[in-house]
Amino acid sequence: MPPADVTPEPAPHRRVRAGTVWLVLGRTWGSACTFAYLWLLAHALADAAFGRLTFYLAVFLVLDSLVDLGTGAIAVQRTADDEDAVPEVLAATRRIRLVAGLAGVALVGGTAFLAGEPGAGWILLASLYPLTHVLELSATVYRNRIAWRTPVVIRAGASALSLALVVALLAAGAREPGLFLCGVAAGSASANLALHLAARRHLPHRAPTSVPWREVLRPALPLGIAGLCQQTYFYVDNLFVRAWRGDEVLGHYNVAVRLMSFAIMVGVYAALVSLPWFRREHARGALGAAVTKLTQPLFATACLGVGVAFAWTGELLGLFGPEFREASGALRWLLGAAALVYVGANLLTAVVATGRTGAVLVIAAGGLALNLAGNAWLVPTHGMDGAALATFATELWVAVAAFVALARGGARELLGAGAWRWLGGPAGFALGAVLGTTAHRLLVG
């Protein structure tokens with residue numbers, strides 16, 4: 001009998017909520033570990049060294065997307081309703097990830113040496129960790145069953161390991177950013193290995209009859225390029241800020257970006273958990289109703305939280321040092337972008353569930369083009385504030401374009417009788433701004 005965390009339940013929406021709660025709890029713990037080691041390193045390293053470290057942490061997040069190349073979503077799409085296909089699909093997606101991972105190692109490690117980066121050898125070593133995403137694909141069984149307890153517990157342990165390794169390196173007197181990069185990467189790699197070991201007992205006990213990697217690559221590639229575009233437009237501003245303002249300012253800006261990442265976690269994880277449910281609702285012709293049921297309250301709640309946080313950006317950033325307060329303006333734009341993610345992430349996931357990978361690619365590529373143009377235009381004159389504004393514009397494009405794609409694809413419930421509930425977002429922001437400003441005046445003055 002399978003363990004409790006992979007036993008199917010009768011109510012998909014309830015499983016989505018439970019999965020989201022597990023992921024949010026795990027991300028909260030993971031973010032606490034991340035902020036802990038960033039706080040320690042912000043005080044231990046010179047500003048330029050800290051900025052360089054955060055730059056490569058962002059590069060590795062893009063590298064993760066390159067290695068995935070759409071295989072995670074396709075594995076769910078191909079096996080959520082057909083468990084018998086798991087061996088063949090996993091064999092194909094693993095082969096794709098291995099090739100993409102080796103290309104990523106050459107790209108990141110090679111670029112570090114060509115650019116003459118300090119600690120290039122450590123950067124190359126750390127860039128090997130995404131290859132462990134090949135093993136992570138075994139966890140598809142948990143995603144299909146919307147059972148996230150085991151993956152979350154494993155990743156929480158890995159986050160703690162990354163923090164412990166950073167603390168150990170600091171205690172040993174290390175001050176090379178590349179060493180700390182290796183410590184963080186080692187924690188991430190351990191999670192992928194542990195996920196494989198935990199999940200393999202739930203996989204079908206037979207060898208694949210074929211490895212249809214070409215058949216899987218065709219639909220995965222548009223999703224992979226789209227995912228790579230998404231990660232790139234979220235982190236490519238690092239290149240612009242670093243080039244125009246230097247490593248010191250980049251370090252301050254990246255703390256604001258990390259705060260935004262924390263703010264979007266509920267929306268992103270709700271979208272991640274919902275893919276199998278959206279896929280099944282699409283087959284029933286009820287996708288629009290499922291999307292609005294999940295997204296409208298999330299958007300309103302997110303806007304309420306963003307409104308409250310607007311008055312406290314200086315205090316949040318000041319936890320890392322008084323010099324980090326210069327990113328307050330950027331953080332406000334990033335928080336606005338975070339509210340839009342609660343709409344865009346779920347709507348774009350719904351587009352993925354329809355199988356319209358071409359539309360997903362168009363939306364993501366458009367977002368990347370807009371972001372690149374915005375950064376090139378705004379960063380030279382407005383610095384990190386310009387980069388944050390470009391991010392806001394990009395997330396607005398993604399939300400609107402995904403909304404239009406779904407509405408045109410037949411999800412009419414998005415514009416039906418409950419369409420007025422989308423106004424809960426602006427209303428929540430206005431209420432939150434009043435509450436946050438009032439509390440700030442009373443408590444800070």
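## Where Asp-68 stands

A residue counts as buried under 20% relative accessible area and as exposed over 50%, with partly exposed in between. Asp-68 has a relative accessible area of 24%, so Asp-68 is partly exposed. Please keep in mind as you browse that this is a predicted model.

Asp-68 belongs to helix α2, which covers residues 47–68. Of the 22 residues in α2, 16 are buried, so the helix is largely enclosed by the rest of the structure. After α2 comes Leu-69, which has a positive phi, near 50°.

Side chains of opposite charge can pair when their charged atoms come close. Asp-68 does this with Arg-97: the two form a salt bridge whose closest N and O atoms are 2.7 Å apart. The pair links distant parts of the chain, with Asp-68 in helix α2 and Arg-97 in helix α4 (residues 86–114), 29 residues apart. While Asp-68 is partly exposed, Arg-97 is buried, with a relative accessible area of 4%.

Arg-97 also meets the side chain of Glu-136 in a salt bridge, at 3.2 Å from N to O. Here too distant parts of the chain are linked: Glu-136 sits in helix α6 (residues 133–136), 39 residues apart from Arg-97 in helix α4. Together with Arg-155, the residues Asp-68, Arg-97 and Glu-136 are linked in a network of salt bridges.

## A bridge to helix α11

Another salt bridge joins the side chains of Glu-117 and Arg-242, at 3.0 Å from N to O. Glu-117 lies in the loop between α4 and α5 (120–126) and Arg-242 in helix α11, so this pair ties together parts that are 125 residues apart in sequence. Glu-117 has 12% relative accessibility and therefore counts as buried.

How many salt bridges does the count come to? The count comes to six, where a salt bridge needs a side-chain nitrogen of Lys or Arg within 4 Å of a carboxyl oxygen of Asp or Glu.

Asp-47, Glu-248, Glu-323 and Glu-326 form a negative surface patch. One of these residues, Glu-248, lies in helix α11, which spans residues 237–263. Glu-248 is partly exposed, with a relative accessible area of 38%. Patch residues need over 30% relative accessible area and no salt bridge, so Glu-248, at 38%, clears the area cut-off.

Definitions and conventions. Residues numbered from 1 in each chain as written. Predicted model: local features only at pLDDT ≥ 70, side-chain atom pairs only at ≥ 80, totals over all residues. Heavy atoms only, no water. Patch = residues over 30% accessible without salt bridge, like charges linked within 9 Å, V, L, I, M, F, W, Y side chains within 5 Å. Areas by Shrake-Rupley, 256 points an atom, 1.4 Å probe, with all protein chains shown as cover. Lys, Arg positive; Asp, Glu negative; His and termini not counted. Charge placed at Lys NZ, Arg CZ, Asp CG, Glu CD. Helix = DSSP H or I, 4+ residues; strand = E, 2+ residues; numbered from the N terminus. Buried < 20%, exposed > 50% of the residue type's maximum accessible area, 1.4 Å probe, protein only.
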